[in-house]
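Hi,

Here is the model I promised to pass on. Have a look at it first, and my notes follow below.

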Amino acid sequence: MKNALPALFLLVSCAAALAADPAHTVVQSGRAFRPAEVSINRGEALTFTNNDEFIHQIFVSGLFDSDERSPGENLTENFTQSGTFEVHCHIHPKMKLVVHVK
Amino acid sequence: MKTTLALLTMTAALFTLPAFAADTLFADMGGQPGIDRLVDASVDNYLADDRIKATFDESNMDRVRAEFKVQFCQVAGGPCSYSGHNMAAAHKGLHLTNADFNAVVEDLQAAMTSCDISFATQNRFLARLAPYQHQVVTR
């Protein structure tokens, strides 16, 4: 039972973290997406906030390819298809965000 | 009066023409093919230079090369218009030092030499890049 409680707590925490952000905001910081993985429902949008010192943009191959955004700027992208998508930045190819659209 | 106007026009033209005629840097660097070769050689040097190669670790190098080719063309007076972000914004997060900038210049000079660009032409091009130093060096 002692072992089960921390595991349960961890599970609840993870679930809470995934569902904690009703506005579905992803921050671009340190040339990375934070968080690096999100789950949203089909038809919902993700807002990307550039809190970095670098210019960023976002794209999903075959879906969308945004303009570049300077530090301090936001952009919002709708996800209208179900599935799992990888979001990248043309400028910084190591940046990767996994989006699960239910 | 007509003669005076014609003389004035000719005089103005004489003073104006050298300004255009003197800007042969783009041609002296081999036009766009020469610029493209120079950019590829200089970027190869940057990526092989232990002093600065880490600066490019997170960058899309195909994009960097493409942006440099347009920008170098414009700086050399060629028929290009650089539409990317200004130098300060593009370099802000890199926290570059004067030593970094000097390393870039050294690698660029080596690339120009390897591309058979004359010493005089190298100096003309470097003189046009010099004003960017205060925009990209931030510490």
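What pattern does chain B follow, read along the sequence? The answer is α-α-α-α-α-α-α-α.

Before the details, some housekeeping. This is a predicted model, where local features need pLDDT of at least 70, side-chain atom pairs count only at pLDDT 80 or more, and totals for chains, interfaces and linings use all residues. Residues are numbered from 1 along each chain as its sequence is written, while chains are lettered from A and ligands numbered from 1 in the order in which they are written.

**The two chains**

Chain B has 8 helices and 0 strands. Helices here are DSSP runs of H or I with at least four residues, strands are runs of E with at least two, and both are numbered from the N terminus. Chain A has 1 helix and 9 strands, and along its sequence the pattern reads α-β-β-β-β-β-β-β-β-β.

Of the 139 residues in chain B, 20% are buried; for the 102 residues in chain A the figure is 20%. Buried means that 20 or more other C-beta atoms lie within 10 Å of the residue's own, exposed means 12 or fewer, and partly exposed is in between, with C-beta atoms placed from the backbone.

Next, contacts: two residues are in contact if their C-beta atoms, placed from the backbone, lie within 7 Å. Taking the contacts in chain B with a separation of 6 or more, residues 24 or more positions apart account for 77%. In chain A, 45% of the contacts between residues at least 6 apart in sequence join residues at least 24 apart.

**The cores**

In soluble globular proteins, nonpolar side chains tend to be buried together. I looked for nonpolar cores, meaning sets of buried Ala, Val, Leu, Ile, Met, Phe, Trp, Tyr and Cys residues joined through C-beta atoms within 7 Å. The largest one has 19 residues, and B:Met29, B:Ile35, B:Leu38, B:Phe72 and B:Ala76 have the most contacts inside it. Two or more residues of this core come from each of α3 (31–48), α4 (61–75) and α6 (98–114) of chain B, with α6(B) giving the largest share, 5 residues.

Leaving aside neighbours within four places in sequence, B:Leu38 is in contact with B:Met29, B:Phe72, B:Ala111, B:Met112, B:Cys115 and B:Ile117. Another core, of 15 residues, lies apart from that one and includes A:Val38, A:Phe48, A:Val87 and A:Ile91.

**How α3(B) meets α4(B)**

The axes of these two helices come within 9 Å and cross at roughly 135°. Axes are lines fitted to C-alpha atoms, for helices over the stretch in contact, and angles run from 0 to 180 degrees between N-to-C directions. Why are α3(B) and α4(B) called oblique to each other? Angles under 35 degrees count as roughly parallel, over 145 as roughly antiparallel, 65 to 115 as roughly perpendicular, and the rest as oblique, so α3(B) and α4(B) are oblique.

On the α3(B) side, the residues that meet α4(B) include B:Ile35, B:Leu38 and B:Val39, and those they meet in α4(B) include B:Phe68 and B:Phe72. By class, this contact has 9 nonpolar, 1 polar and 4 charged residues. Ala, Val, Leu, Ile, Met, Phe, Trp, Tyr, Cys and Pro count as nonpolar, Asp, Glu, Lys and Arg as charged, and the others, Gly among them, as polar.

**Where the chains touch**

The contact between the chains takes 9 residues from chain B and 11 residues from chain A. Chain B's side of it has 2 nonpolar, 4 polar and 3 charged residues.

A:Pro93 sits in the loop between β8 (83–88) and β9 (96–101) of chain A. Not counting residues up to four places away in sequence, A:Pro93 touches A:His88 and B:Asn60. A:Pro93 counts as partly exposed because it has 14 C-beta neighbours inside 10 Å.

- A cis peptide bond joins A:Arg34 and A:Pro35, with omega about 0°; A:Pro35 is in the loop between β2 (32–34) and β3 (37–40) of chain A.
- B:His95, in the loop between α5 (87–91) and α6 of chain B, has a positive phi near 50° without being a glycine. B:His95 counts as exposed, with 12 C-beta neighbours inside 10 Å.
- B:Asp116 is not a glycine either, yet has a positive phi of about 60°. B:Asp116 lies in the loop between α6 and α7 (119–129) of chain B.

Cheers
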